[in-house]
Amino acid sequence: MKSKWARIIPVAFIMYMLAYMDRINIGVLMPYIQEDLNISSSAAGDIAGIFFIGYLLLQIPGGILATKWSAKKFIFILMILWGLAAMASGFVQTEGQLKLVRFLLGVAEGGVWPAVLVLLSNWFTLQERARANAFWMACLPVSAILMAPITGILLKHFSWKTVLILEGIPPIVWAFVWYAMIKDRPTEAKWMDENEKQQLLHALTAEQSQSAKSQGYAAAFKNKAVWGLVIMYFLWMTGFYGYTMWVPSVVSEFTDDSSVMGWLTALPFTCALVGMIVNSSWSDRRMNRTQHVVIPLFVAACAMITGQFVETPLLKMILLL
């Protein structure tokens, strides 16, 4: 069933790569924003963090809307809104205005992640899902690989405000590509071979018939496994976004050149891209999820903790890799 891989994954990949750009560029641009708006380091942390307060609001509603209404339409609307919010970041004049716009940007992007997970579950079976998620989520390191250098290059020619405005345009454009290319379910896909479609629908239906019956949202809050996953994901994201936001700070110890800093920032994410693809493919072959989550997280945690006791910039960069 090659057609669904070629049709769904690349469009979703680029869509979320553009969303993640707003988390990469703020790290590269922050030193210039701090200087221009006279923002302290603690306020810079608040600006980076307030995005996620907004991001939290649509996490559960986003999954519900995608399931009961349409992931395709919901994400289309969010792309337009986050593109406008990203562009608005380039017009701010004060710290408070920047915090407000970053909060709204987080709200607009917050529903995208759960909506895409719902979309992928409508298209990919359990034996394909780790690879489908990994190929789509590979947009995260790829976004860093591409967007950090691009942001650095743009900074050589434009102000940080103009860079934010320019980088807010692509999501609005891609929203219309998304709407034209994506279908919520295989039954809506005219481009899919009928035999492939029936085979896929049969496999998905068989999986759903074997899954546990839904007991409502209240039951989820009483489920120990759910809370275990929530805690695990919270701790992972805490480390992940701390890492993402402050990689440019480590890289800045090597050079003051914004374009070189952008390329160096891309190196750790290149390693992440390779690791994601290898780990997900291996996980699908073994159908073992636990080990393929625990071991990478343990290695990453050890590297991050060790980095706090290292003074040499080269050693810090090696640990980031």
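**Cysteines.** I looked for disulfides and found zero in the structure. The model is predicted, so I read every value below as computed. A disulfide needs the two sulfur atoms within 2.5 Å. I then started from C302 and came back to C271, again at 17 Å. I also looked up the exposure of both cysteines. C271 counts as partly exposed, at 36% relative accessibility. C302 is partly exposed too, with a relative accessible area of 34%.

**Nonpolar core.** Next I went to the largest nonpolar core, which has 85 residues. Which members touch the most other members? I noted M15, Y16, I33, W82, W136 and W178. Leaving out residues up to four places away in sequence, I listed I26, N38, I39, L98 and W160 as its contacts.

**A115.** I moved on to helix α5, which spans residues 112-121 and contains A115. Is A115 buried or exposed? I found 0% relative accessibility for A115, so this residue counts as buried, the limit being under 20%. I wanted its partners beyond the sequence neighbours. With residues up to four places away set aside, A115 touches G62, A66, A71, F74 and I75. I took I75 from that list and checked the spacing. I75 and A115 are 40 residues apart in sequence. In space, their C-alpha atoms are 7.1 Å apart.

**Surface patch.** Last, I turned to the surface. I found a nonpolar patch formed by L229, M232, Y233, V293, V294, I295, F298 and V299. Together these residues have about 730 Å² of accessible area. Which helices supply at least two residues each? I wrote down α12, residues 224-251, and α14, residues 290-307. I noted that α14 gives the most, with five residues. V294 was my spot check. This residue lies in helix α14. I read its relative accessible area as 48%, so V294 is partly exposed. The class of exposed residues begins over 50%.

Definitions and conventions. Residues are numbered from 1 along each chain as its sequence is written. This is a predicted model: local features need pLDDT of at least 70, side-chain atom pairs count only at pLDDT 80 or more; totals for chains, interfaces and linings use all residues. Side-chain values use heavy atoms; hydrogens and water are left out. A nonpolar core is a set of buried Ala, Val, Leu, Ile, Met, Phe, Trp, Tyr and Cys residues joined through side-chain atoms within 4.5 Å. Buried means under 20% relative accessible area, exposed over 50%, partly exposed in between (1.4 Å probe, protein chains only). Contact means heavy atoms within 4.5 Å. Patches are made of residues with over 30% relative accessible area and no salt bridge: like charges are joined within 9 Å, nonpolar side chains (Val, Leu, Ile, Met, Phe, Trp, Tyr) within 5 Å. Accessible areas come from the Shrake-Rupley method with a 1.4 Å probe; for residues, only the protein chains shown count as cover. A salt bridge is a side-chain nitrogen of Lys or Arg within 4 Å of a carboxyl oxygen of Asp or Glu. Helices (H or I, at least four residues) and strands (E, at least two) are DSSP runs, numbered from the N terminus.
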